[in-house]
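Trainee: I would like to learn how to read a protein model step by step. Could we go through one together?

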Amino acid sequence: MLLAPMRYKGYSWPHNPRVYSIDYERNMAVNKIPFGYYFLQDLGRTRRVMRGEGEFCGEDAYAQFGELANVFYEKGPGILIHPLWQTASAYFVELRLEQEPRPWYVRYSFAFWEDMSYYSDEARPLQGQPAASAAGTGVSPQFYKVLKGDTLWGIANKYALSLQTLIGLNPDLKNPNQIQVGDEVRIR
């Protein structure tokens with residue numbers, strides 16, 4: 001079977017990497033309860049880490065590695081297209097030359113981190129709310145819709161807020177430790 005080449009931003013691999021792996025991660029918190037017990041709290045899924053290894057062969061091996069290195073130096077996320085796996089918005093975070101120099105052979109490894117903000121619901125004004133905030137600042141309030149596994153602490157971190165600020169923006173929360181899937185939490 002002939003596979004399409006892997007691509008990232010404007011770069012296409014001349015040969016697909018020979019090793020490719022995806023690490024799925026989940027954040028967990030351990031809360032101590034008196035008398036030796038504990039409670040695990042699922043803080044939700046985090047980024048996927050996509051790693052691989054490959055080689056460039058031939059007279060242009062170092063030129064190919066140089067082109068890949070130039071893509072690594074570009075800022076910001078890009079679309080990573082793998083011939084078999086799900087397409088992902090990702091940051092190119094690691095590129096390593098793996099062996100001693102040889103004239104026509106370069107072995108390398110790489111890592112990409114998934115950009116989760118590309119997939120999540122963006123903050124948006126709550127439907128039916130006026131464009132200006134009630135405080136008269138001229139800034140529209142923005143809300144986040146709670147998903148399974150969300151905590152106020154996690155939402156605060158996602159939007160670079162302190163937990164106290166987030167609670168202050170949501171005075172209607174009776175118990176900040178108990179938010180429900182589908183709740184609208186004000187973030188701005």
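Trainee: Which residues does Phe56 touch, not counting residues up to four places away in sequence?

Mentor: Before the answer, please note that this is a predicted model, in which local features need pLDDT of at least 70 and side-chain atom pairs count only at pLDDT 80 or more, while totals for chains, interfaces and linings use all residues. Residues are numbered from 1 along each chain as its sequence is written, and side-chain values use heavy atoms, with hydrogens and water left out. A contact means heavy atoms within 4.5 Å. By that rule, and leaving out residues up to four places away in sequence, Phe56 touches Tyr11, Pro14, Ala61, Gln64, Phe65, Leu68, Trp104, Tyr105, Val106 and Tyr108.

Trainee: Which residues have the most contacts inside the largest nonpolar core?

Mentor: In soluble globular proteins, nonpolar side chains tend to be buried together. A nonpolar core is a set of buried Ala, Val, Leu, Ile, Met, Phe, Trp, Tyr and Cys residues joined through side-chain atoms within 4.5 Å; buried means under 20% relative accessible area, exposed over 50%, and partly exposed in between, with a 1.4 Å probe and protein chains only. Here the largest core has 20 residues, and Trp13, Met50, Phe56, Leu80 and Phe112 have the most contacts inside it. At least two residues of this core come from each of β3, β4, α1, β6 and β7, where helices (H or I, at least four residues) and strands (E, at least two) are DSSP runs numbered from the N terminus. A second, separate core has 11 residues, including Val146 and Leu161.

Trainee: In what order do the 7 strands form the open sheet?

Mentor: Strands of a sheet pair through backbone hydrogen bonds, either parallel or antiparallel, and two strands are counted as paired if DSSP finds at least two bridges between them. In this model the order is β2-β1-β5-β6-β7-β4-β3, with antiparallel pairing. The edge strands β2 (11–12) and β3 (19–33) each pair on one side only.

Trainee: How many bridges does β4 have with β3, and how many with β7?

Mentor: The antiparallel pairing of β3 and β4 runs over 14 bridges, and Ile22 has Met50 in β4 as its bridge partner. These two strands form a hairpin with 3 residues between them, and Phe35 in the turn has a positive phi of about 70 degrees. Between β4 and β7, which also run antiparallel, there are 9 bridges, with Glu55 partnered by Arg107 in β7.

Trainee: How many aromatic pairs does the structure hold?

Mentor: A pair of aromatic rings is described by the distance of the centres and the angle of the planes. Rings of Phe, Tyr and Trp (its six-membered ring) pair if their centres lie within 6.5 Å, and planes under 30 degrees apart count as stacked, over 60 as edge-to-face and the rest as tilted. The structure holds 12 such pairs. In one of them, the rings of Tyr20 and Phe110 have centres 6.4 Å apart and planes at 45 degrees, so the pair is tilted. This pair links distant parts of the chain, with Tyr20 in strand β3 and Phe110 in strand β7, 90 residues apart.

Trainee: Are Tyr20 and Phe110 buried or exposed?

Mentor: Both Tyr20 and Phe110 are buried.
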